[in-house]
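Me: I have a model open and a few things to ask about it. Can we go through them one by one?

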Amino acid sequence: MFKRILIANRGEIAVRVIRACREMGIESVAVYSDVDRRALHVRKADLCEYLGPAQASESYLNIPKILEAARRSGAEAIHPGYGFLSENAKFARACREAGIVFIGPSPESMEMMGSKTKARQNMKKANVPFVPGTDTGLKSAAEALEVAEKIGYPVMLKASAGGGGKGMRMVTSAKELTSALETTQSEAQRAFGDSEVYIEKFIESPRHVEMQIFGDTHGNVIYLAERECSVQRRHQKVLEEAPCSFVDPDMRRRMGEVAVQVGKAANYVNAGTVEFLVDAQKNFYFLEMNTRLQVEHPVTEMVTGIDLVQLQLRVAAGEPLPIKQEDIVLRGHAIELRVYAEDPDNSFFPSPGRITRLISPSGPGIRRDSGMYEGWVVPLDYDPLLAKLIAYGEDRTQVINRLRRALAEYFIGGIKTNISLFRRILLHPDFQAGRVDTGFLDRLLKEPTVGDERTARRVPIVALAAAIFAQQPAPGAQPARNDDGLHAATPRTAVTTENGGTKPSGWKTAARNEGVR
Ligand code: MV4
């Protein structure tokens, strides 16, 4: 096993990897930019190396600087986290050439999945079901028209170099197709330096379900569990869960076997995720593969009992997978909420600044993977993800109730966060019934919020009553808060607790539990 590894990332994921290292007796090296000198990952790591200015190209995306930091600190391997250089084949190759282990797949696997047309060609060979369409770039408008006619409108035009919702366009009729193709091609050229565009049939209101897979260097590939990731806004996931309530055991096995096929076709090593679109008839189609550990990996850890980051380190060190497919048993349910520093009442604008007060939930079934602490200043320069709140329980209902309880305990002062949005999601009848697709959150955000003067005047009384009914707090919803995040205390010596009882007001001292060294 490695003695020392470098983590080429920041925030909660860097902390997550540091924790795995600590448990395995591996020394961790954090890297940081100017605005991250006081970041939690720097405080928690055994060693740290300065990279440069805040701008990612000068720090977390700068390959020479990161390799130099690894050499200086004597790290044998680099964990890339997610985002930044995690899916950069050039970086993986540069690590290989520098004699440093890249904790992830080979650059060849990454390149295969980086091009959507290349991936579709290989998946076709491996008999993987994918959305009907072409597996090569469109050579002319005539070809696009011909294929669209065959598969039927609406269709999707997608950039080969795109992914994650970038570089795609829906087309509903033949008369729009020619100009849409030109626009998509020129946008792809500008965004990715590659104008290749292919065509797919448009799947109406799909679910986004993804399968976690794991490969080792001995040719083994297994699937773990699927995650339901349909609750998203502008291709940014907000809530994820495992397992997906729409997927039955037979569908899970078929999906898992397809995902393993994808992994084997790509000679895949380490943690990867195969994304599927699922239509209302439960047909599933390969969409793309993410060649990294994902933000939402904790929900899979909770229902499988497997520490995915520790497994990544073992596999990267050359160990065979310690588990076989038949050893994997799913138990219970898990949901993750992504806590972002953004204002849901103001178009989700970023809300950087100092965290003046932090009261974090804990208790049964609650896990928090966080990159923040009280007093820390959230910089504007990077992704606004602050923390992930994960609940685990016997079934989905218990998990929803645990999350509502935990949200009532959560207080983040000084900045705006999206915590209020989660209360709405968890109370929504469609969410509670498991009726989610990729349009769910947009629909919810168009619904009126209760208690708003403007909406009260605008909304018919019946709709308002229905909305009030849908948002009725459960027994135990949080009472009003005062400025420092403590429950508004009417009596001098006792505050009202969530369940209506009282407790001494001296609990203030226990508020800070984010372990900062
Ligand atoms: C689609 C689609 C419908 N039909 N492809 C968006 C992200 C990118 N990875 C693929 N995406 C989609 N591709 C066809 N043929 C709908 C989406 C889509 C979507 C997919 C996954 C998660 C959220 C989404 C939100 C809107 C659209």
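Me: Which domains give residues to the shell around the ligand?
Reply: This is a predicted model, so read what follows as such. Domain 2 (132-201) and domain 3 (207-461) both contribute residues to that shell, so the ligand lies between them.

Me: Which residues come nearest to the ligand?
Reply: The ligand has 17 residues around it, and Lys158, Glu200, Lys201, Ile203 and Glu288 come nearest.

Me: What lies 2.9 Å from a nitrogen atom of the ligand?
Reply: A polar side-chain atom of Lys158 does. Glu200 also has a polar side-chain atom by a ligand nitrogen, at 2.8 Å.

Me: Which strands supply at least two residues of the shell?
Reply: β6 (155-163), β8 (197-201) and β15 (284-290) each do.

Me: What is the make-up of the shell by class?
Reply: There are 7 nonpolar residues, 6 polar ones and 4 charged ones around the ligand.

Me: Stepping back to the whole chain. How many helices and strands?
Reply: The chain has 17 helices and 26 strands. It runs to 517 residues, and 54% of them count as buried.

Me: What about the surface?
Reply: The accessible surface of the chain is about 22500 Å², with 51% of it belonging to carbon and sulfur atoms.

Me: Of the contacts between residues at least 6 apart, what share join residues at least 24 apart in sequence?
Reply: That share is 64% in this chain.

Me: Next, helix α5. Which of its residues are buried?
Reply: Helix α5 covers residues 107-114, and its buried residues are Pro107, Ser109, Met110, Met112 and Met113.

Me: What covers them?
Reply: The cover includes helices α4 (89-97), α6 (116-125) and α9 (249-265), along with strands β5 (101-102) and β15. β15 also supplies at least two residues of the shell around the ligand.

Me: What does Arg96 touch, leaving out residues up to four places away in sequence?
Reply: Arg96 touches Ser106, Pro107 and Glu108. With Glu108 there is a polar contact of 3.0 Å between the two side chains. Arg96 and Pro107 are 11 residues apart along the chain, and their C-alpha atoms are separated by 9.1 Å.

Me: What does the side chain of Glu374 reach at 2.8 Å?
Reply: The side chain of Glu374 reaches the backbone nitrogen of Leu358 at that distance. Glu374 also has a side-chain to side-chain polar contact with Arg357, at 3.4 Å.

Me: What is phi of Ser205?
Reply: Phi of Ser205 is near 35°, a positive value in a residue other than glycine. Asn270 also has a positive phi, near 80°.

Me: Where does Ser205 lie?
Reply: Ser205 is in the loop between β8 and β9 (207-215). With 43% relative accessibility, Ser205 counts as partly exposed.

Me: And Asn270, buried or exposed?
Reply: Asn270 is buried, because its relative accessible area is 1% and the cut-off for buried is under 20%. Its place is in strand β14 (residues 270-278).

Notes. Residues are numbered from 1 along each chain as its sequence is written. This is a predicted model: local features need pLDDT of at least 70, side-chain atom pairs count only at pLDDT 80 or more; totals for chains, interfaces and linings use all residues. Side-chain values use heavy atoms; hydrogens and water are left out. A residue is near a molecule or strand if one of its heavy atoms lies within 4 Å of it. A polar contact is a pair of N or O atoms within 3.5 Å; within protein, one must be able to donate a hydrogen and the other to accept it, and residues adjacent in sequence count only if both atoms are side-chain atoms. Helices (H or I, at least four residues) and strands (E, at least two) are DSSP runs, numbered from the N terminus. Ala, Val, Leu, Ile, Met, Phe, Trp, Tyr, Cys and Pro count as nonpolar, Asp, Glu, Lys and Arg as charged, and the others, Gly among them, as polar. Domain bounds come from an automatic or database domain assignment. Buried means under 20% relative accessible area, exposed over 50%, partly exposed in between (1.4 Å probe, protein chains only). Contact means heavy atoms within 4.5 Å. Accessible areas come from the Shrake-Rupley method with a 1.4 Å probe; for residues, only the protein chains shown count as cover.
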